[in-house]
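Here are my notes for you to read alongside the structure. Keep the viewer open and find each residue as you reach its point.

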Amino acid sequence: MRLRRLDLIRYGKFTDCTIDFGPKPEAGPDVHIVFGLNEAGKSTALSAYLDLLFGIEERSRYNFLHEYGAMRIGGVLELAGSEHTFTRTKQRSNSLLNATGQPVSEVAITAHLAGLSRDAYTTMFSLDDETLEAGGKSILESRGDLGKLQGYRI
């Protein structure tokens, strides 16, 4: 799974904003680092991506500009070699919509998540200041797999 584009339609402080990560390169690395000043919206964008994948959380903290009923995010995901456009609304059922605005099964996305929950996905793939700092402390305190390598040459 690859995020091709993230649409912050009505989410947090954003209205009709898009982050386009471009097509997958034919060769070389495919890594994007999102950076910016404090309060620029980096954490909001990360939460929007997770909400696109897993659903907007029931008590979302990103409704301060747009009420729950108006919240909307979207994006283009590359799944199994093809692009799929999705939109997510804030509702209990049928919140995942296809490119034509029709509800689609959550399986359209979850089938590509290898059974990962939101928490597991966040731990594995969503690096931010807090997770990097916690990981560094864990290594220094010799916890985790990397901590066990202390004293060995790599």
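1. Let us begin with charge. The protein has 18 positive and 20 negative charges, and their mean positions are 2 Å apart. Here Lys and Arg count as positive and Asp and Glu as negative, while His and the chain ends are not counted. The place of a charge is taken as NZ of Lys, CZ of Arg, CG of Asp or CD of Glu.

2. A word on what you are looking at. This is a predicted model, in which local features need pLDDT of at least 70 and side-chain atom pairs count only at pLDDT 80 or more, whereas totals for chains, interfaces and linings use all residues. Residues are numbered from 1 along each chain as its sequence is written, and side-chain values use heavy atoms, with hydrogens and water left out.

3. Now the overall plan. The protein has five helices and five strands, and along the sequence they follow the pattern β-β-α-β-β-β-α-α-α-α. Both kinds of element are DSSP runs numbered from the N terminus: helices are H or I with at least four residues, and strands are E with at least two. Along the principal axes, the C-alpha atoms fill a box of roughly 55 × 35 × 30 Å.

4. Next, surface and interior. The accessible surface comes to about 10,400 Å², and 53% of that belongs to carbon and sulfur atoms. Such areas come from the Shrake-Rupley method with a 1.4 Å probe, and for residues only the protein chains shown count as cover. Of the 154 residues, 32% count as buried; buried means under 20% relative accessible area, exposed means over 50%, and partly exposed lies in between (1.4 Å probe, protein chains only). Among contacts (heavy atoms within 4.5 Å) with a separation of 6 or more, 52% are between residues 24 or more positions apart.

5. Leaving out residues up to four places away in sequence, its contacts include Leu52, Ile73, Leu77, Leu96, Val104 and Ile109. Isoleucine 109 is 23 residues away in sequence, and the two C-alpha atoms are 9.4 Å apart in space.

6. How many salt bridges does a search of the whole structure find? The search finds nine, a salt bridge being a side-chain nitrogen of Lys or Arg within 4 Å of a carboxyl oxygen of Asp or Glu. One of them joins arginine 4 and glutamate 83, at 3.5 Å from N to O. Arginine 4 lies in strand β1 (residues 2-11) and glutamate 83 in strand β4, so this pair ties together parts that are 79 residues apart in sequence. Arginine 4 counts as buried because its relative accessibility is 17%.

7. Arginine 5 and aspartate 7 form a salt bridge whose closest N and O atoms are 2.9 Å apart. Arginine 5 is partly exposed at 26%, while aspartate 7 is buried at 11%. Aspartate 51 and arginine 118 also meet in a salt bridge, at 2.5 Å from N to O. That pair links distant parts of the chain, with aspartate 51 in helix α1 (residues 42-54) and arginine 118 in helix α3, 67 residues apart. Both aspartate 51 and arginine 118 are buried. Elsewhere, Arg2, Asp30 and Glu78 are linked in a network of salt bridges.

8. Lysine 90 is buried but has no salt bridge, and the nearest side chain of opposite charge, glutamate 58, is 6.3 Å away. Which backbone atom of glutamate 58 does the side chain of lysine 90 reach? That atom is the backbone oxygen, at 3.2 Å. The backbone oxygen of glutamate 57 lies 3.3 Å from a polar atom of the lysine 90 side chain.

9. Finally, look at two loop alanines. Alanine 80, in the loop between β3 (72-79) and β4, has a positive phi near 50 degrees. Alanine 114, in the loop between α2 (107-110) and α3 (118-125), has a positive phi of about 55 degrees. Alanine 80 counts as exposed because its relative accessibility is 74%, and alanine 114 is exposed at 74%.

Notes
A polar contact is a pair of N or O atoms within 3.5 Å; within protein, one must be able to donate a hydrogen and the other to accept it, and residues adjacent in sequence count only if both atoms are side-chain atoms.
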